[in-house]
Amino acid sequence: MWCFPHPQKTGHTLVLLDTEGLGDVEKGDNQNDCWIFALAILLSSTFVYNSMGPINQLAIDQLHYVTELTDRIRSRSSPDQDEVEDSDEFVRFFPDFVWALRDFSLELKLNGEPISADEYLENSLKLKQGTGQRDKVKELNLPQLCIHKFFPKKKCFVFERPVHGRKVGQMESLQDQDLDSDFVEQVAEFCSYLFSSSKVKMLSGCIKVNGPRLKSLVVTYVNTICLWSLPCIENAVLALSQTENAAAVQKAIAHYDQQMNQKLQLPTETLQELLNVHRASEKEAIKIFMENSFKDVNQVFLTQFVTELETKQEEFLKKNEQASSDRCLALLQDIFNPFEEDVKQGIYYKPGGYHLYVQKTRELKKKYYDEPRKGVQVMMVTCVFWGATDFIQTAE
């Protein structure tokens, strides 16, 4: 895998996925090649298949992997879905097809007239009109049929030999100026097409594949293949949505928590003050969740988000009440503790003492009520405190 900023599309990353060669007789495992082919199809938005020389029956036969795609991939998880329905849906998710013909030395002509590489490809993929056994003809045409069906958008590029003679063994050390000029021009045309025409990889529901999503798809598909099961596009998208929706819930809740902590000064003077900040933070959190979630089947994650948001709100309400209680109690103790000590010392047990006691109490109460930001628990804490003070006074 090779990733780099897209040379023509700002804000995009070009990801090149290179696989091992197919058809290696030393591997002796055709199943491995079929899975590699299927995995490359599933992950790509443009699929480049390269082969040596012209397109002949042998080259088409070597592309037999395309005929096995319906045996390797499912579009939906429904047990009622048959292969025909699956294959009809493949075209919605499959990449564009580019056939690169290396070391191509033939002239591009048809019936003596020059043709383009694309016309050469279309002519090569024409169905054979055999006169022999019908099943045999159908078998010969199967790769062409599958390519036409699964890849409606096709492109072909031909490449001459990059060097000739002894230079072939020195390819790794050669510079562009050492290569055949026609080959360099062909490569430039090939790259230009890929850069300008390759689309963003899309999933069902017009979901664009980014880095984390590509990782999730790779893990899901490879794990499925390793379990000898068929990769299912629908299941992969569902697994991806569950991962991203869970992350969307946490991201939205974290934003709400951050905004509440930043904007609230506990205790708030009134409950409405807290609710105003809550509504603003809630609105932002909902927007974040909606922007980062998709395919929330039965609104499972939306329900989870709402539940967690309500829990967070309740936590802030309780924190606000506790902060108010602590603030009020601290103020009352700070203001009235010296006064209570005076009462215990009997300062007010003298002629005119009751008048002084009432006057001092009024002064201290006014001082207490004038203090700002006592919060929503002011009445409850005050009533409890006054009750305790009156009890001490009566006992004495």
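Is Thr268 buried or exposed? Thr268 is buried, with a relative accessible area of 0%; buried means under 20% relative accessible area, exposed over 50%, and partly exposed in between, with a 1.4 Å probe and protein chains only. This is a predicted model, in which local features need pLDDT of at least 70 and side-chain atom pairs count only at pLDDT 80 or more, while totals for chains, interfaces and linings use all residues. Residues are numbered from 1 along each chain as its sequence is written, and side-chain values use heavy atoms, with hydrogens and water left out.

**The loop between α9 and α10**

- Thr268 is found in the loop between α9 and α10; helices (H or I, at least four residues) and strands (E, at least two) are DSSP runs, numbered from the N terminus.
- The side chain of Thr268 reaches the backbone oxygen of Thr270 at 2.8 Å.
- Thr268 touches Glu273, Leu274, Asn320, Arg373, Gly375 and Val376, leaving aside residues up to four places away in sequence; contact means heavy atoms within 4.5 Å.
- Pro267 is also placed in the loop between α9 (233–263) and α10 (271–292).
- The peptide bond from Leu266 to Pro267 is cis, with omega near -5 degrees.

**Positive phi values**

- Most residues other than glycine have a negative phi, and most peptide bonds are trans.
- Trp228 has a phi near 60 degrees, a positive value in a residue other than glycine.
- Trp228 lies in the loop between α8 (211–226) and α9, and is exposed, with a relative accessible area of 74%.
- Arg373 has a phi near 55 degrees, again a positive value in a residue other than glycine.
- Arg373 lies in the loop between α12 (353–370) and α13 (378–395), and is partly exposed, with a relative accessible area of 22%.

**Helix α7**

- Helix α7 (residues 181–197) has 17 residues, which at 1.5 Å a residue should span 24 Å; its end C-alpha atoms are 24 Å apart, which agrees.
- The expected span of a helix is 1.5 Å times one less than its number of residues.
- Asp180 caps the N-terminal end of α7, with a side-chain oxygen 2.9 Å from the backbone nitrogen of Asp182.
- Phe183, Gln186, Phe190, Tyr193 and Leu194 are the buried residues of α7.
- Down the axis of α7, these buried residues fall within an arc of 95 degrees, so they line one face of the helix; the arc is that of the directions from the helix axis to the C-beta atoms.
- The buried residues of α7 pack against β3 (46–52), β4 (96–102) and β7 (154–158).
- On the face turned away from the buried side of α7 are the exposed residues Ser181, Glu185 and Glu189.

**Helix α11**

- The 45 residues of helix α11 (residues 300–344) should span 66 Å at 1.5 Å a residue; the end C-alpha atoms are 63 Å apart, which agrees.
- α11 bends by about 40 degrees at Phe336, and Pro338, a proline, follows within four residues; the bend at a residue is the angle between axes fitted to the seven residues ending there and the seven starting there.

**Nonpolar cores**

- A nonpolar core is a set of buried Ala, Val, Leu, Ile, Met, Phe, Trp, Tyr and Cys residues joined through side-chain atoms within 4.5 Å.
- The largest nonpolar core has 50 residues, and those with the most contacts inside it are Leu69 and Trp99.
- The largest share of this core, 9 residues, comes from helix α1 (residues 30–43).
- Apart from this core lies another, of 18 residues, among them Ile253, Leu264, Ala285 and Phe305.

Note on methods. A polar contact is a pair of N or O atoms within 3.5 Å; within protein, one must be able to donate a hydrogen and the other to accept it, and residues adjacent in sequence count only if both atoms are side-chain atoms.
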